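Reader: I would like a close look at one part of this protein. Please keep it brisk.

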Amino acid sequence: MDNTYSPEVEYTNDYYHFMSPAMIDCIALNSGFSLPRRDGGFSYCELGCGFGLTTSYLAATHPEGRFFGIDLNAMQIGVAQEKCKGFGLDNVHFIAGDVMEIDPEGFPDLDYVTMHGLYSWVPAPVRKGALDLIAAKLKPGGCVFLSHDVLPGWHALMPIRDFLLAESEKSGKTSVMDRTMYAMSRLQQMVDQRANFVASSPSVLDWAVTLLKQDPRYVAHEYLVSCLAPMPFKTVAKDLSDIGLQYAGDTRPLLNNFRLCVPANLHADIERENDPHEREALKDYLFATTFRRSVFVRRHSTESGPVRDAGDQVWGLMATNVRPSLEFDFPSGKCRFDHPVYQAIIGTLRTQPRPLRELLQVLSGFPERALYNALMMLFAAQWVAPFRMNSGNSACDRINRQRIEGPRRDDMLLSSTYGGALPADDVERLYLFVRGTGGKNMAELGDAMHREAERRNWYRESPAFASFGADAAARRQSLHRIAARIVQQDDYYRSLGWL
Ligand SMILES: C[S@@+](CC[C@H](N)C(=O)[O-])C[C@H]1O[C@@H](n2cnc3c(N)ncnc32)[C@H](O)[C@@H]1O
C-alpha cells in the first residue's frame, strides 16, 4: 500500500521533553492514576521517531531504560544510529521499518509507547498497526503518548492546508521540497493581499503568518501529507479505550485546567459536563483546540506490585530566576504569583528538587490543597517541572563534557535528574566549563571566562558574544558582569547535575 508518506523529505531534528517518562508519568499521576514503580527499569518505544533525537537523549539520561525507535525513513534511522554510536549508548535500538508491519514478537513488553506527529498524518492501516502493537505489548500501568491535530479547531485551518496542497500540485515541480516552497510562496502572496480565506479571522491569519516562518521541511510533513486527518478527541479516545486505555491528560498542563485555559464566563458549561470524554470534547469547542498531546494509561491492579502516586512525584524549579511576584498571562486572564504559598514553594525548590510528599511536610503550615493547587499553577506556567531523583550517569556526563569543552555543536545539555535535555547557551557552557576547572573567586571567574572565550574565538564566532564589542577591556568587563549574575544560578545547575 502507498502509505503516502514521502521518505524524500527528511523531518526536522528536535528534542521534545514532553515525551519523557517523567513528564508522561507526571500527567498520569496528577490525574489520579497510580503507576507501577518501574524500579527495575522500563522499556520505551517511539513510533515514527524521525531522526530519533528525543529517543537518543532519553536513552542517554535513563540508563535503566531500554529504548526503541522505529521510522519508515531509513536515512533518518541511519543518522539516529550513528549519533547513538557516537554517544556510546548501548540501551537504544533504532529500526527502519513500517509501523504497519511491526512484528510485536520482536519487542519486550513495553512501559511507554510514544508517537509524535504520526497519528493524524498517516492512513488508517498505519494507525491500526500502532494500536495493535500497543494492545499486544503495553504492560498494565503502561502509558501512551500520542499527539494529533484536533477537530473542530482544525476546521478553521483547513482552507490554508487545502490551498497549500492544491498549489503544490499545480506547481509543476517534481521534488517535494520545491513544491512546498512554491506553495508557501503562494500562501505568502495570499497573506500579503489579505485574501479572505486567511484574513477573515485574526487567529487564522496569525496561524498563516506563523506557518510561513516555519522550516519548509516541517511544512511538507505537517501540511502536505495527502492523508492528513485532524480528529475529534473522542475518536482518538475511543481508539485507545477499545484496547483498554484511559485518557489521563495533556502534557501541556494548562489544557488540563479549564479554569486557566477557558474564559471564566464558560466555566459553568464545563462544570455541568460530568462525562470526562464529553468534557474534553466540550473544552475543544470552547478553547478551539487545534493540537493535543495526550497521555493514555492502561489500568493495572494495585495488587500487582509497589505503586507510585502523586505524592512520590519529584518537583524541581525550571530556573532560579523565577520571581514569586511575576505575573503570568493565562488565556483566561493574568495571574500574579505573589501569594505566600507560591513564594514558599519557589523558595523550597530553589535549593533542590523534592518529592511532593516531602514538600507538603516541609511546608505543613499551608493547607495541602492550596499547596498542591499552587504547585499545579506553577507547573502550568512552566516554572516548575517534574524531575527524577537520580544522580548523574556516565553517558550523560560524557556527552555534556564534550559539549561544554568542545566547539559549539548543540544548544542542549542533558540532565539525569531532569530526565532529558535542556537548552544551554554558549555563555552558560563557558561558565560551566570554567567552574569545572577548579574553585575561583568572582574576579578570577570573570577573567577565566574571558580568557577561555578568547581561546575559543567565541567573541567572533558565537552569536551569544556578538554584542560585547571589539575592545578587550570591555569584553572582560562584560564577562565579569555575567559571572556575577550567572553564579546565582548555581543551585539550578547543581539540581540538574551540571555542577
Ligand atoms: C512528522 S514526523 C515526526 C518525527 C518525530 N516523531 C518528531 O516529532 O520529531 C513523522 C515521522 O513518521 C514517519 N512515518 C510515517 N509513516 C510511517 C510508518 N508507516 N511507519 C513508520 N514511520 C512512519 C516519517 O518518516 C516521519 O519521520
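Reader: Take helices α10 and α14. How are α10 and α14 oriented to each other, and why?

Author: This is a predicted model. Start with the two helices. Helix α10 covers residues 233–241, and helix α14 covers residues 276–287. Their axes come within 9 Å. They cross at roughly 150°. Angles over 145 degrees count as roughly antiparallel, so α10 and α14 are roughly antiparallel to each other.

Now the residues that meet. From α10 come Phe233, Lys234 and Ala237. Facing them in α14 are His277, Glu280, Ala281 and Asp284. By class, the residues of this contact divide into 3 nonpolar, 1 polar and 3 charged.

Next, the setting. The domain assignment of the chain gives domain 1 (1–306), domain 2 (313–387) and domain 3 (394–495). The C-alpha centres of domain 1 and domain 2 lie 28 Å apart. Between them, 13 residues of domain 1 are in contact with 9 residues of domain 2. On the domain 1 side, α1 (21–29), α11 (253–256) and α12 (258–261) each supply at least two residues. Helix α1 gives the most, with 4 residues. That side of domain 1 divides into 11 nonpolar, 1 polar and 1 charged.

One more helix deserves a look. The buried residues include Leu53, Tyr57 and Leu58.

Terms used:
Residues numbered from 1 in each chain as written. Predicted model: local features only at pLDDT ≥ 70, side-chain atom pairs only at ≥ 80, totals over all residues. Buried ≥ 20, exposed ≤ 12 C-beta atoms within 10 Å, placed from the backbone. Axes fitted to C-alpha atoms, helices over the stretch in contact; angles between N-to-C directions. Parallel < 35°, antiparallel > 145°, perpendicular 65-115°, else oblique. Contact = placed C-beta atoms within 7 Å. Nonpolar A, V, L, I, M, F, W, Y, C, P; charged D, E, K, R; others polar. Domains from an automatic or database assignment.
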